[in-house]
Structure formats: structure tokens, C-alpha cells
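Hello,

Here is the structure I promised to pass on to you. Please have a look at it first, and then read my notes below.

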Amino acid sequence: LDALGRDAEAVAAYRRAIGARPRDLEGRLGEIRVLLRSGDIDAAIESYRALIRIAPRPQHVIALAELLEAHGRRDEALAITDRLVSSARAADVSTLDALAALFSRWHDDARATRALSRRAELSPLDPVPLVALGDQLLALGDQEGALRTFRRILSLGGDEAAAHAALGAVYLDHDRLADAVTELETAIRLRRERGTPVEVETLRLLATTHERASDQARAEAAWREVLAAAEGDPSLAREAREHIVSSWARGRALDAHIASLRAAFDATPPDLEAGRFLVEALRRRRDLALAVSTLRRLDELAPGDVGALELLERLEVQRGDLSGAIEVEGVLGHASMALGGAPR
């Protein structure tokens with residue numbers, strides 16, 4: 001009856017089912033769905049209230065609140081959502097996130113802030129709710145309150161270096177570049193003082209921060225640290241080279257570096273890392289033919305680099321040499337299979 005659109009008969013059938021098994025949620029949800037479809041909002045609201053009495057699940061309460069607010073009964077909606085915030089427990093953090101989002105849609109910043117504050121109280125070791133609360137305070141224009149909230153990340157306990165790195169990432173997201181540098185450098189220093197490895201992502205964030213602050217010298221030095229730490233991650237190494245080469249270009253030193261890189265790559269024995277930098281520099285100068293020849297020589301000297309072969313294939317396509325691209329595709333297929341990948 002529901003599927004056929006025979007709403008009155010469907011509601012009657014659902015109600016008979018509910019009478020037989022009052023705690024069966026499927027029948028109650030079916031009744032609400034049909035009532036909403038038929039436009040009987042008052043009856044749907046009463047059915048939601050009956051559902052919540054036997055199954056007071058947060059998702060049902062939020063659905064009822066949205067229905068009430070959408071039909072001009074905002075005070076009732078706020079009353080039930082306020083109770084939900086007040087009664088939230090540690091297991092209800094996702095509910096508080098949903099409530100904060102709901103209040104934001106309703107443009108009720110005070111209640112959104114309260115829900116996020118409650119979320120932070122219930123997750124004392126989790127930085128995520130602190131970041132969300134800080135963002136909310138910033139949206140309200142409370143910059144000092146937001147910064148105090150962000151700094152609470154440092155008092156969560158656990159790994160001190162990781163906490164400073166997390167706070168640095170938050171500052172970077174909010175364009176507080178000097179503060180981000182301070183926190184990220186503190187994280188790196190703490191790791192090194194304790195003889196533990198520095199996370200590559202922390203180095204990468206520091207390099208990005210210097211770059212956004214237009215401190216090219218420190219950015220290049222930081223990207224070189226990323227490159228040194230990127231062993232076994234060709235994609236990250238290539239990203240670091242690209243940023244370093246971009247720094248040369250901004251400093252109008254690209255041609256000078258290309259000359260020295262070419263000399264190092266042409267030496268005996270050839271400097272392979274200079275060759276990899278040379279490829280990026282030639283790409284930046286849009287000298288695709290020379291970049292392709294350099295990549296082909298790199299493949300001869302150090303075969304099997306899938307990332308380099310993929311770049312070579314793209315460059316051949318860019319310069320219109322489809323036969324060359326197809327040839328590289330064949331080599332790439334063999335290299336991928338040798339590394340345990342699927343055939344191309």
C-alpha cells in the first residue's frame with residue numbers, strides 16, 4: 001500500500017502493525033514516512049514523539065527537531081535539542097557534531113558553540129573538537145577565545161612533539177604563519193632532542209609555511225629536508241624537487257641551476273639526483289624535448305623507476321609524440337609488474 005501510494009490505507013496498516021508490536025521501529029518509521037509524504041505534519045510530529053518515547057535515539061530527536069523548525073515550531077525544536085546537548089555522554093560525540101552543524105544551519109551560533117564545548121569536554125584527549133570549537137569562536141569574532149582553545153591542544157597529554165605539530169597545522173590552516181613556524185620547529189626540535197625520527201609530514205608543513213610566508217631561503221632548506229626524508233616515497237621526493245625548482249624560478253636563478261645540474265649529470269660517474277632535478281628544471285622552463293632526453297638517460301642509468309616512466313609518458317603525450325608514449329607505456333607495464341602491480 002505504501003509503494004502504491006495509497007497513503008490512508010498504508011497508515012492504517014502501519015498502525016495495526018504498531019498495535020500488534022509497539023516496539024517495532026520499522027512500522028513506526030513507515031507510518032512517519034507516509035504521513036510526511038501526504039502532508040499530515042501534525043500527525044507525523046506526534047508519531048515521532050511516540051517513536052522517541054520507546055526509542056530515544058539521537059537521530060530520531062534531531063529528525064523531529066528539523067521537522068518542528070521547518071514548520072515554524074522553533075521553540076519546541078530548541079527545547080528538545082537543548083536537552084540532547086545537556087544529556088550527551090562520551091559515546092555521543094557524533095551526535096554533538098550533528099547538533100553543532102544543525103545549530104549552525106539555523107544561525108544559532110551560541111548553541112553551536114555550546115554543543116562543540118560539550119563535545120570538547122567529553123573528548124579530553126582529542127584535538128579535533130578543540131579545533132572545531134576554535135573555528136566556531138573565530139566565526140563569532142572571538143579571536144582570543146579561539147586562540148586559547150587552539151592552544152589547549154598542548155595540554156591534552158601524550159606525545160608533546162605531536163601536539164606541537166598538530167597546533168602548527170591548525171595555525172597554518174588559519175594563516176598564522178609565524179605561530180605555525182614556531183610550533184612546527186618546536187615539534188622538530190623535541191623529536192631530535194629525544195633521538196626519535198621527525199615525521200615527514202611535519203617537515204612538509206614547515207616547508208609549506210615558509211613558502212606561504214615568502215621566505216624562499218628557509219622554504220628551500222625545509223624542502224631539502226623533506227627530500228632527504230622521502231626515501232622510499234618517489235612521489236614525495238618529486239614534490240620536494242618541484243617546490244625547490246619553483247623557488248629557483250622565483251629567484252630568477254633557474255638557468256644557472258640548469259647549467260650546474262647538467263654538468264653534474266654529464267660527469268663521470270653521473271649524479272642521478274642532479275639528473276632528477278634537471279628534469280624538473282627543464283619542465284619548469286618548458287624545454288620538453290631536453291626533459292624527455294634526460295628522463296630517457298635516467299631510465300638507462302637507473303631502470304625500473306615507475307614514477308619517472310609515468311612522467312616520461314606524460315611528457316611524450318604533451319609534446320605530441322604518441323609513438324614515444326606508447327613505447328614508454330610498454331616499458332612501464334613491465335616495470336609495474338616487476339614491482340608486483342597489475343598489468344597495464
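**The nonpolar core**

The largest nonpolar core is made up of 90 residues, and Leu 99, Phe 103 and Leu 295 have the most contacts inside it. Helix α3 (residues 41-54) gives this core its largest share, seven residues. Please keep in mind as you read that this is a predicted model.

Setting aside neighbours within four places in sequence, Leu 295 is in contact with Val 279, Ala 308, Leu 311, Leu 312 and Leu 315.

**Aromatic rings**

How many aromatic pairs does a search of the whole structure find? The search turns up two. One joins Phe 103 and Trp 106: the ring centres are 6.1 Å apart and the planes meet at 70 degrees, which is over the 60 degrees needed, so this pair counts as edge-to-face. Phe 103, which you have already met as one of the core residues with the most contacts, has a relative accessible area of 1% and is buried.

Trp 248 belongs to helix α14 (residues 234-250) and Phe 277 to helix α16 (residues 272-284), so the pair ties together parts that lie 29 residues apart in sequence.

**The chain as a whole**

Now for the wider view. The chain has 19 helices and zero strands. Its radius of gyration is 30 Å, whereas a compact globule of 344 residues would have one near 20 Å. Along the principal axes, the C-alpha atoms fill a box of roughly 90 × 50 × 35 Å.

Of the 344 residues, 43% count as buried. The chain exposes about 17900 Å², and carbon and sulfur atoms supply 53% of that area. If you look at contacts between residues at least 6 apart in sequence, 44% of them join residues at least 24 apart.

Enjoy exploring it, and do write back with any questions.

Best wishes

Note on methods. Residues numbered from 1 in each chain as written. Predicted model: local features only at pLDDT ≥ 70, side-chain atom pairs only at ≥ 80, totals over all residues. Heavy atoms only, no water. Phe/Tyr/Trp six-rings, centres within 6.5 Å; stacked < 30°, edge-to-face > 60°. Buried < 20%, exposed > 50% of the residue type's maximum accessible area, 1.4 Å probe, protein only. Helix = DSSP H or I, 4+ residues; strand = E, 2+ residues; numbered from the N terminus. Rg over C-alpha atoms; globule rule 2.2 N^0.38 Å. Contact = heavy atoms within 4.5 Å. Areas by Shrake-Rupley, 256 points an atom, 1.4 Å probe, with all protein chains shown as cover. Core = buried A, V, L, I, M, F, W, Y, C linked by side-chain atoms within 4.5 Å.
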